[in-house]
Amino acid sequence: MNVLVAIYSPVAAWNIPDRHVERLRREFPHHSFRHARREDEVMPLIGDTDIAFTSELRRAQFAAARRLRWVHSPAAGVGAMLFPEMVDSPVVMSNSRAMSAGHIAEHVILVTLALFRKLPLAFRSQLRKYWAQDDAVAAPPMRTIRGSRALLVGLGSIGAACASRFAALGATVDAVRRRIDQPRPDGVTDVGTADQLLPFLGRADVVIITAAQTAETRGIIGETQLAAMKSDAILVNVSRGKLVDEAKLAHALSAGSIGGAALDVFEHEPLDAASPLWTLPNVIVTPHTSGFRADHWDAATDLFAQNLRRFDSRQPLLNLVDKAAGY
Ligand SMILES: NC(=O)c1ccc[n+]([C@@H]2O[C@H](COP(=O)([O-])OP(=O)(O)OC[C@H]3O[C@@H](n4cnc5c(N)ncnc54)[C@H](OP(=O)(O)O)[C@@H]3O)[C@@H](O)[C@H]2O)c1
């Protein structure tokens, strides 16, 4: 089979290093691996590609892909590849969900505690050599995860990894998800669907967005949802920026109608320098790094290799994407 590896990005960390493609060549000598390091290198190779290991496939490239049978993404979010021609085609898609769920869950705990314990204030004061003890103990009070209530919007691999950690630290954990009939992960008390979101929002101290980006979840946190949150509640987004209305969020944060936010993902990345989110005192901005791990490409290549072995032996693939549902 012809396998196209096309994982490139202007962000250096999101380019698969050559040595991983070499590893695949050594492990699968019966397949022919071609490595596209730039977008313009894809089109000449896509026509006779059988399998694509890629996070990006454009409509025109897909139209030229006459032999394509399977696309495996090194990312979890695959929405950009789910144009109607792809969804309607027999091409199978798999992704890398769960690969970094533990890392992301630790990040979520970190930023929740940072906001609960007013760490942004301490950092800013430290830069000015200012002893901010009175400011730190002023209202609203510092909080702990123990005794708090967390709401997970999305209960997939990241949601489940967050649930067990919040529960272990003494929080009560609620969640909303699409498929209410799925087994409930450890640590989750109450589960509902997105149409029950408002009452769940009204009792949460921390709201964590971990749902996949689909037509249904786009803008799932807008003005009404922000207004339903408690005035000291914090919002953490580690999923995709388009799930949250950023302008309404910035407004809610400046007006004090919610307590703070920790954002790893944005509607447009990199975040525009003019965004008020950069400078609001109750906001932590991280540059889409919550899921990164030192052995990222080892883990991503391991998963693809595991799936390629399954493909070769006609076993069911891991992490199949439901193309119609969007994740
Ligand atoms: N910040 C980063 O670096 C980073 C890294 C990895 C992933 N991500 C993002 O995080 C997302 C989640 O990753 P994951 O590994 O947890 O994916 P996952 O295991 O596929 O989970 C996706 C979750 O979204 C839920 N969902 C889908 N539609 C919904 C709806 N209408 N209402 C409520 N929940 C809905 C699903 O509900 P059911 O379980 O009921 O189906 C599922 O729990 C990815 O799609 C990706 O965009 C970000």
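## Asparagine 95 and its surroundings

Asparagine 95 is in contact (heavy atoms within 4.5 Å) with His72, Ser73, Ala75, Ala76, Val78, Leu303, Asn319 and Val321, leaving aside residues up to four places away in sequence. The model is a predicted one, in which local features need pLDDT of at least 70 and side-chain atom pairs count only at pLDDT 80 or more, while totals for chains, interfaces and linings use all residues. Residues are numbered from 1 along each chain as its sequence is written, and side-chain values use heavy atoms, with hydrogens and water left out.

Asparagine 95 sits in the loop between strand E5 (92–94) and helix H5 (101–116); helices (H or I, at least four residues) and strands (E, at least two) are DSSP runs, numbered from the N terminus. With a relative accessible area of 2%, asparagine 95 is buried (buried is under 20%, exposed over 50%, partly exposed in between; 1.4 Å probe, protein chains only). A polar atom of the asparagine 95 side chain lies 2.9 Å from the backbone oxygen of alanine 76.

Most residues other than glycine have a negative phi, and most peptide bonds are trans. Asparagine 319, one of the residues touched by asparagine 95, has a positive phi of about 55°. Asparagine 319 is in the segment after H12 and counts as buried at 19% relative accessibility.

Arginine 314 also has a positive phi of about 55°. Arginine 314 lies in the segment after helix H12 (296–312) and is exposed, at 76% relative accessibility.

## Cis peptide bonds

Alanine 139 and proline 140 are joined by a cis peptide bond, with omega about -5°. Proline 140 belongs to the loop between helix H7 (133–137) and strand E6 (149–153).

The bond from glutamate 269 to proline 270 is cis, with omega near -5°. Proline 270 is in the loop between strand E11 (260–263) and strand E12 (283–285).

## Domains and ligand

The protein is divided into domain 1 (2–99 + 294–312) and domain 2 (101–285), with bounds from an automatic or database domain assignment. The centres of domain 1 and domain 2, taken over C-alpha atoms, are 32 Å apart. Both domains give residues to the shell around the ligand, so the ligand lies between them.

There are 28 residues around the ligand, each with a heavy atom within 4 Å of it; Leu155, Gly156, Ser157, Arg179 and Tyr327 come nearest. An oxygen atom of the ligand is 2.9 Å from a polar backbone atom of isoleucine 158, and a backbone N or O atom of arginine 178 is 3.1 Å from a ligand oxygen atom.

Methods: Polar contact = N/O pair within 3.5 Å; in protein donor to acceptor, adjacent residues only side chain to side chain.
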